[in-house]
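Please study the sequence and the three-dimensional structure shown below. The paragraphs that follow lead from the overall architecture to individual residues.

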Amino acid sequence: MVYLTRRYRFSAAHRLHNDALPDEENRRLYGKCDNPFGHGHNYVLDVTVAGEVDLATGMVFDLGLLDQTVQREVLERFDLTNLNQDTEEFRALVPTTENVCVAIYDLLRDKLRGGERWPTARLERVRLEETSSNFFEYNGGLAGDRTARRTL
Ligand code: NI
């Protein structure tokens, strides 16, 4: 297996707040991130595709196809949005970077199967950097009913 990682960037605003919890608990959990007017991040997104090196091209996956897919599925959906208000994914889910990371993985997983041209290619991992001090990674390992993570 060879791993190809490509880096993308997008900016979005969010507010960390769970309507199912009392205001006091939201403030305790999320601190300043519970500010009603939200705040923004310049996210750095690393998408990793795994596969065998194709004999004909010497490549693991088509970079152009990867770019188009991430552009369409992720950047157009989330860039320059308020995640809480503008996106379907976070209407009922707190847009922590953990949850954004999982959502991006779920959006890309089926779109990055290689098909006939790249039969061994698959999405390996999504890494999402929120600030220079913290980032989150997801490899699709979350089992069970996703609705259990919903908050509203
Ligand atoms: Ni934040």
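Helices (H or I, at least four residues) and strands (E, at least two) are taken here as DSSP runs, numbered from the N terminus. The phi angle of Leu 80 is near 55°, a positive value in a residue other than glycine. Leu 80 is exposed, with a relative accessible area of 71%; exposed means over 50% relative accessible area, buried means under 20%, and partly exposed lies in between (1.4 Å probe, protein chains only).

The model is a predicted one, in which local features need pLDDT of at least 70 and side-chain atom pairs count only at pLDDT 80 or more, whereas totals for chains, interfaces and linings use all residues. Residues are numbered from 1 along each chain as its sequence is written, and side-chain values use heavy atoms, with hydrogens and water left out.

Consider next the chain as a whole. The chain contains 4 helices and 5 strands, and from the N terminus on its elements run β-α-β-α-β-α-α-β-β. The C-alpha atoms fill a box of roughly 60 × 30 × 25 Å, taken along the principal axes. Of the 152 residues in the chain, 42% are buried. A contact means heavy atoms within 4.5 Å. Among contacts between residues at least 6 apart in sequence, 71% join residues at least 24 apart.

Helix H4 has 13 residues and reaches 18 Å from its first C-alpha to its last, close to the 18 Å expected at 1.5 Å a residue; the expected span is 1.5 Å times one less than the number of residues. Why is H4 described as largely enclosed by the rest of the structure? The reason is that 10 of the 13 residues of H4 are buried. Among them are Val 100, Cys 101, Val 102, Ala 103 and Ile 104. The buried residues of H4 pack against strand E1 (2-14), strand E2 (39-51), H2, helix H3 (83-86), strand E4 (122-129) and strand E5 (135-138).

The aromatic residues come next. Rings of Phe, Tyr and Trp (its six-membered ring) pair if their centres lie within 6.5 Å; planes under 30 degrees apart count as stacked, over 60 as edge-to-face and the rest as tilted. A search of the whole structure finds 5 aromatic pairs. One of them is the tilted pair of Phe 10 and Phe 78, with 6.4 Å centre to centre and 40° between the planes. Because Phe 10 lies in strand E1 and Phe 78 in helix H2, this pair ties together parts that are 68 residues apart in sequence. Both Phe 10 and Phe 78 are buried. Tyr 105 and Tyr 138 form an edge-to-face pair, with 5.0 Å centre to centre and 75° between the planes. This pair links distant parts of the chain, with Tyr 105 in helix H4 and Tyr 138 in strand E5, 33 residues apart. Tyr 105 counts as buried at 6% relative accessibility, and Tyr 138 counts as buried at 9%.

A charge sits over a ring if NZ of Lys or CZ of Arg is within 6 Å of the ring centre and within 35 degrees of the ring normal. The charged end of Arg 117 sits over the ring of Trp 118, 4.5 Å from its centre. The charged end of Arg 127 sits over the ring of Phe 135, 3.6 Å from its centre.

Which residues coordinate the nickel ion? The ion is coordinated by His 14 (NE2), His 39 (NE2) and His 41 (NE2), at 2.0 Å. Donors are N, O and S atoms within 2.8 Å of the metal (3.2 Å for Na, K and Ca); water is not among the atoms, so sites may look incomplete. Along the chain, the donors follow the spacing H-x24-H-x1-H. His 39 is partly exposed, with a relative accessible area of 22%, whereas His 41 counts as buried at 13% relative accessibility. His 41 is found in strand E2. Leaving aside its neighbours within four places in sequence, His 41 is in contact with residues including Phe 10, His 14 and Glu 130.
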